[in-house]
Number of protein chains: 2
Amino acid sequence: MIESHLLKLRARFPISEEEEAAIRAVVTEERHYRADKTIVRAGEVLGYSTLLLDGLLSRYKDLRDGGRQITELHVAGDFADMHAYTLRHLDHAVMTLSPCRIGIARHEDLRALFAAHPRLHDIYWFFTNVDASIDREWTLSLGRRDARGRVAHLFCELGVRLGLVGMSDETGYDLALTQIDIAECLGLTSVHVNRVLKELRESGIVEFRGGRVEILDRRALEAAAEFDPAYLYLTGPKG
Amino acid sequence: MIESHLLKLRARFPISEEEEAAIRAVVTEERHYRADKTIVRAGEVLGYSTLLLDGLLSRYKDLRDGGRQITELHVAGDFADMHAYTLRHLDHAVMTLSPCRIGIARHEDLRALFAAHPRLHDIYWFFTNVDASIDREWTLSLGRRDARGRVAHLFCELGVRLGLVGMSDETGYDLALTQIDIAECLGLTSVHVNRVLKELRESGIVEFRGGRVEILDRRALEAAAEFDPAYLYLTGPKG
DNA sequence: CGGCCGGTTGAGTGCTATCAAGCTGCGTGG
DNA sequence: CCACGCAGCTTGATAGCACTCAACCGGCCG
């Protein structure tokens with residue numbers, strides 16, 4: 001059930017069988033949600049964190065005029081809101097973008113886990129710091145990359161992150177996003193996203209259609225994005 | 001020496017005298033830097049984290065074309081890179097924007113601190129999560145606020161954060177930023193920042209001149225920013 | 001006194017938004 | 001089985017916010 005999560009952990013840290021068992025024991029419940037459902041509201045006091053087992057989740061914030069910004073996407077294996085363990089309530093909401101399977105880890109159980117396994121305490125801290133790093137990279141995109149670079153960068157990032165859990169390969173990956181979702185990630189309008197996708201497709205760089213990203217020219221894609229995966233900390237703190 | 005930091009901690013959590021002593025013992029060295037000096041380079045392996053005692057620090061990332069994005073500002077009392085404790089090296093650089101006094105906390109000493117005081121382990125995790133929350137709010141600004149809203153929001157945020165350590169009041173605060181720095185925070189050019197500052201000044205909302213922010217009409221400023229300080233988690237996890 | 005950094009202002013450009021219309025695919029209900 | 005409705009995609013025309021280029025100013029420092 002939490003295989004993706006273990007893949008993600010082990011991409012950076014060795015995890016012993018005992019630790020694995022302890023982690024498995026913390027995820028006590030599985031829930032299923034349909035697409036486009038807000039599963040955590042901003043400000044709501046939380047007694048648990050949610051581990052995404054399958055599907056696509058977003059963190060988002062709204063402005064009064066209806067503007068919405070997605071601040072991070074989560075793929076299978078990610079804790080969407082481990083930071084709620086220390087923050088208690090969130091400054092953002094969490095919603096499904098596709099049908100999702102979600103595991104629940106109660107904070108009291110996490111507390112016991114960290115007390116028994118101090119190393120896991122630092123490891124989960126590490127992963128919230130990687131989330132923050134991803135956020136910084138998005139800040140860079142929104143502040144300094146043009147629309148083409150932002151789209152290209154998003155496709156690069158998701159390719160790597162999905163690859164960690166075995167859900168992408170050299171040719172591409174499935175991605176259950178609408179053009180509207182992409183616009184909300186990148187601080188653009190869906191109309192403009194549409195035009196950029198068209199241009200990337202016609203340039204033979206990348207094609208996004210029918211919920212699938214086909215990478216036609218990886219080198220050109222990464223160049224357009226100025227992509228450097230260092231910010232994903234793929235090698236763990238020792239690398 | 002770390003009074004600002006203790007103010008910041010105690011704004012959210014009660015800290016016992018014993019904990020305070022343990023924290024003081026971890027900050028083993030004080031360094032002084034002039035303005036505009038990069039004190040941590042991206043990718044450099046770090047054995048310590050830096051506590052800003054006085055001055056203004058920025059985290060920033062560069063693109064090849066010379067574009068620079070500041071992803072967060074740090075004021076007195078902030079750990080600028082506590083996340084290096086788990087990440088070991090950073091995806092961004094850290095530079096001074098004004099002359100700075102900095103305290104050094106070695107990671108081995110932090111490790112011992114957290115082992116002896118598990119509560120502080122979670123508290124420092126909490127603060128890296130607040131940093132991430134600030135980053136999300138910046139992402140929202142860059143993605144969905146116009147230039148006027150971004151400038152107004154930055155001034156609101158810094159007013160609150162400096163207020164926590166006694167460095168701002170109702171009328172305003174000192175802020176050693178250039179218009180270029182502000183532009184690098186907000187994903188704008190300095191020319192456009194200049195025009196927006198002029199407009200805010202002439203509207204009687206806020207005046208930024210000579211390294212000082214004078215808040216002329218707080219209500220209008222917060223309205224322009226659509227500012228809600230909830231994302232700063234001022235009340236701690238219990239509030 | 002000269003150089004330089006930061007700030008200011010003007011003119012013109014361009015990237016992205018806005019507004020609008022039509023298309024496509026799919027689920028639903030008659 | 002087909003009509004309908006709706007969400008998402010596509011494309012065109014127009015508008016505007018912020019950028020670029022450029023010139024000049026003022027203060028500070030060597």
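Three helices each supply at least two residues of the surface near DNA strand C in this predicted model: helix 8 (190-202) of chain A, and helix 7 (179-186) and helix 8 (190-202) of chain B. Here helices are DSSP runs of H or I with at least four residues, strands are runs of E with at least two, and both are numbered from the N terminus. Helix 8 of chain B gives the most, with four residues. Of the 16 residues around DNA strand C (a heavy atom within 4 Å), those that come nearest include A:Thr189 and B:Gln179. Sugar or phosphate accounts for 71% of the atoms of DNA strand C within 4 Å of the protein.

Side-chain polar atoms lie 2.6 Å from a phosphate oxygen for B:Gln179 and 3.0 Å from a phosphate oxygen for A:Thr189. A:Arg195, in turn, places a side-chain N or O atom 3.4 Å from a base oxygen.

Turning to chain B, an open sheet of three strands has the order 1-7-3 with antiparallel pairing, where pairing takes at least two DSSP bridges. Strand 1 (27-33) and strand 3 (48-54) each have a single partner strand, so one side of each is left without a neighbour in the sheet. Six bridges join strand 3 to strand 7 (residues 100-106), and B:Leu51 has B:Gly103 as its bridge partner.

Residues are numbered from 1 along each chain as its sequence is written, and chains are lettered from A and ligands numbered from 1 in the order written. Local features need pLDDT of at least 70, side-chain atom pairs count only at pLDDT 80 or more, totals for chains, interfaces and linings use all residues, and side-chain values use heavy atoms, without hydrogens and water.

Technical notes: Polar contact = N/O pair within 3.5 Å; in protein donor to acceptor, adjacent residues only side chain to side chain.
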